Structures are given as C-alpha cells and as structure tokens.
Amino acid sequence: MDDIELTRIRADIGELMPDTGYILSVTRTSDGGGGWTDSWGTASTVTCRVDYTRGVEVLAGGAVQPKRQLIATVPYSTIVTTANRFEYGGVSFAIASVNVGSWLTCKRLVLEAL
C-alpha cells in the first residue's frame, strides 16, 4: 500500500463512522488548600464507532466484580492519550489504552466506565 492509498483509506474511514464522540481533557484548579479540583472539558469532537465488549471480571474487595469495557474506533489523526477521557452518548469513560489499528488507518481506544 502506498502513501496515497493510505491517505484515501484514512479519509474514507473518518467519513464512514456512524457516531460522534468527544475527547475530553482535564484542567486542574488549585483549591487553596494544597490540592486541586479537576474540571473536564471537550478538547475535540471526533467521528467514531463504539462497540461493546463482553467485559472482564476483576478481583476487588475480595469479590469478583464485572468490569465494563467498550472499544471506540476513531480516525488515525485523532490526538488522544490515556490522560484524556472519552464521552459517548452523554457518558464519560476513562481511556485504558490507545491502540493503533491495522495498517495505521485508525486508532482504537479501550474505554472503561468511570
């Protein structure tokens, strides 16, 4: 695959994604007592596709707890890290990891419910 074809595929993927999501970034404000308050705001709006996974189970507090995970596919050019959050359908999720998809055409975000 050459650079021209890769550029076309990246553009097509962005146009074909059916949903809209929001990359959130944090602003920290001093609370005057040595700590801070986090405020999350929209850093960018992206086209996306969100898929639900079967989830995983983790041991927490001596008991097995379900852990809900989703996968958001976003355009490759999206600027996002695990320090961001992702909002979809009015719900905010932590970004557990950012994986680059096949042939570098998209990014996949592993999302966890907050």
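The model is a predicted one, in which local features need pLDDT of at least 70 and side-chain atom pairs count only at pLDDT 80 or more, whereas totals for chains, interfaces and linings use all residues. Residues are numbered from 1 along each chain as its sequence is written, and side-chain values use heavy atoms, with hydrogens and water left out.

Turning to the overall fold, the protein chain contains 1 helix and 8 strands; here helices (H or I, at least four residues) and strands (E, at least two) are DSSP runs, numbered from the N terminus. Read from the N terminus, the order is α-β-β-β-β-β-β-β-β. The radius of gyration of the protein chain is 17 Å, well over the 13 Å that the globule rule gives for 114 residues, so the chain is more spread out than a compact globule. This radius is taken over C-alpha atoms, and the globule rule is 2.2 Å times the number of residues to the power 0.38. Along the principal axes, the C-alpha atoms fill a box of roughly 55 × 40 × 25 Å.

Of the 114 residues, 26% are buried (buried means under 20% relative accessible area, exposed over 50%, partly exposed in between, with a 1.4 Å probe and protein chains only). Among contacts (heavy atoms within 4.5 Å) with a separation of 6 or more, 50% join residues 24 or more positions apart.

Strand S8 (residues 106-113) has 6 of its 8 residues buried, so S8 is largely enclosed by the rest of the structure. Strands count as paired if DSSP finds at least two bridges between them. Strand S5 (residues 69-75) runs antiparallel to S8 and is joined to it by 7 bridges, with Ala 72 opposite Leu 109 in S8. Strand S7 (residues 91-100) is likewise antiparallel to S8, through 7 bridges, and Val 100 stands opposite Lys 107 in S8.

Thr 37 belongs to strand S2 (residues 36-52) and is partly exposed, with a relative accessible area of 47%. Leaving aside residues up to four places away in sequence, Thr 37 touches Thr 27, Arg 28, Thr 29 and Asp 31. The C-alpha atoms of Thr 37 and Tyr 22, 15 residues apart along the chain, are separated by 21 Å.
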